[in-house]
Amino acid sequence: MRLKSFAIVAALALSTAISGCSTIGSRVFSNDYGAMTDAGYSLPRIPIEKVPFKYRRQVVDYDTREKPGTIIVDTQNKFLYFVMSDGEAMRYGIGVGREGFEWNGTARIALKREWPTWTPPGAMIKRQPELAKFAGGMEPGLNNPLGARAMYLFNRGGDSGYRLHGSPEWNSIGKAVSSGCIRLMNQDIIDLYDRTSVGTKVIVL
């Protein structure tokens, strides 16, 4: 009987590990990247099996003095932490600014937008003249660089020009590829967006 009980427990543990729903010391949400309909848009499934395990959304132990609800961005390790209570945080994999576009500091979320319009800044258009056609704004959609959600970061000087946003380029997560904005997979930015509010403190390390 003991052998049978042990086999059942081992089988259950293996099943849980394979499903990607949990792991020792954290809870992983690998099953939350399927196709979904959002505000009339059909988001495709993310092939999450191709995304390194560490960049999948998960609850982790996180020691900080910051209050629950604070967002901390670790640009070096490509993680974004949404601070929760009891010494935990929801961790997301991110893409960050490429060489020459890195930054750090403290900001706050001043605006939140679902399926935002993307308007490339003038400096970007100078670097990439082909973007001039979007000077008046690129309509929301599956190919829009801001993805399904955007949260606009302001500091003491006003609009920083940086955003926390979704991206259709799921394979850019874990890389330094942007012009300074912090990008997440679309399914992740939707989750983060629902957890945050205008005024949220954002610390970029």
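Trainee: How many aromatic pairs does the structure hold?

Mentor: A pair of aromatic rings is described by the distance of the centres and the angle of the planes. Rings of Phe, Tyr and Trp (its six-membered ring) pair if their centres lie within 6.5 Å; planes under 30 degrees apart count as stacked, over 60 as edge-to-face and the rest as tilted. The structure holds five such pairs. In one of them, the ring centres of tyrosine 62 and tyrosine 81 are 4.1 Å apart and the planes are at 15°, so this pair is stacked.

Trainee: Which parts does that pair tie together?

Mentor: Tyrosine 62 is in the loop between strand S4 (58–61) and strand S5 (71–74), and tyrosine 81 is in strand S6 (residues 79–83), so the pair ties together parts 19 residues apart in sequence. Helices (H or I, at least four residues) and strands (E, at least two) are DSSP runs, numbered from the N terminus.

Trainee: Before going on, what kind of model is this, and how far can I trust it?

Mentor: It is a predicted model: local features need pLDDT of at least 70 and side-chain atom pairs count only at pLDDT 80 or more, while totals for chains, interfaces and linings use all residues. Residues are numbered from 1 along each chain as its sequence is written, and side-chain values use heavy atoms, with hydrogens and water left out. pLDDT is the predictor's confidence in each residue, from 0 to 100. The mean pLDDT of the protein is 87, and 87% of its residues reach 70 or more. Where pLDDT is low, the predicted coordinates should not be read in detail. Here pLDDT stays under 50 over residues 1–25.

Trainee: Is tyrosine 81 buried or exposed?

Mentor: Buried means under 20% relative accessible area, exposed over 50%, and partly exposed in between (1.4 Å probe, protein chains only). Tyrosine 81 has 9% relative accessibility and counts as buried. Tyrosine 62, at 18%, is buried as well.

Trainee: Which residues does tyrosine 81 touch?

Mentor: Contact means heavy atoms within 4.5 Å. Leaving out residues up to four places away in sequence, tyrosine 81 touches several residues, among them Val60, Tyr62, Ile72, Ala89 and Arg91. Tyrosine 81 also belongs to one aromatic cluster with Tyr55, Tyr62 and Phe79.

Trainee: Where does arginine 91 lie?

Mentor: A charge sits over a ring if NZ of Lys or CZ of Arg is within 6 Å of the ring centre and within 35 degrees of the ring normal. Arginine 91 lies over the face of phenylalanine 79, at 4.0 Å from the ring centre. Arginine 57 is placed over the face of tyrosine 33, at 5.5 Å from the ring centre.

Trainee: How is strand S6 covered on its faces?

Mentor: In a regular strand the side chains alternate between the two faces of the sheet. In S6, Phe79, Tyr81 and Val83 are on one side, Leu80 and Phe82 are on the other, and all are buried. Five of the five residues of S6 are buried, so S6 is largely enclosed by the rest of the structure.

Trainee: Which strands pair with S6, and in what sense?

Mentor: Strands of a sheet pair through backbone hydrogen bonds, either parallel or antiparallel. Two strands pair if DSSP finds at least two bridges between them. S5 and S6 are antiparallel over four bridges, with valine 73 opposite leucine 80. Five bridges join S6 to S7, also antiparallel, and valine 83 has alanine 89 in S7 as its bridge partner. Each of the two hairpins has four residues between its strands: lysine 78 has a positive phi of about 65° in the turn of S5 and S6, and aspartate 86 takes a positive phi near 60° in the hairpin of S6 and S7.

Trainee: What is the strand order of the open sheet?

Mentor: Its 10 strands follow the order S1-S4-S7-S6-S5-S14-S9-S10-S11-S13, with mixed pairing. The edge strands, S1 (27–28) and S13 (182–185), each pair on one side only. S11 and S13 run parallel and are joined by four bridges.

Trainee: How many residues of helix H3 are buried?

Mentor: Eight of the 10 residues of H3 are buried, so the helix is largely enclosed by the rest of the structure. The buried ones include Ile189, Ile190 and Leu192. The C-alpha atoms of leucine 192 and tyrosine 81 are separated by 9.7 Å, although the two are 111 residues apart along the chain.
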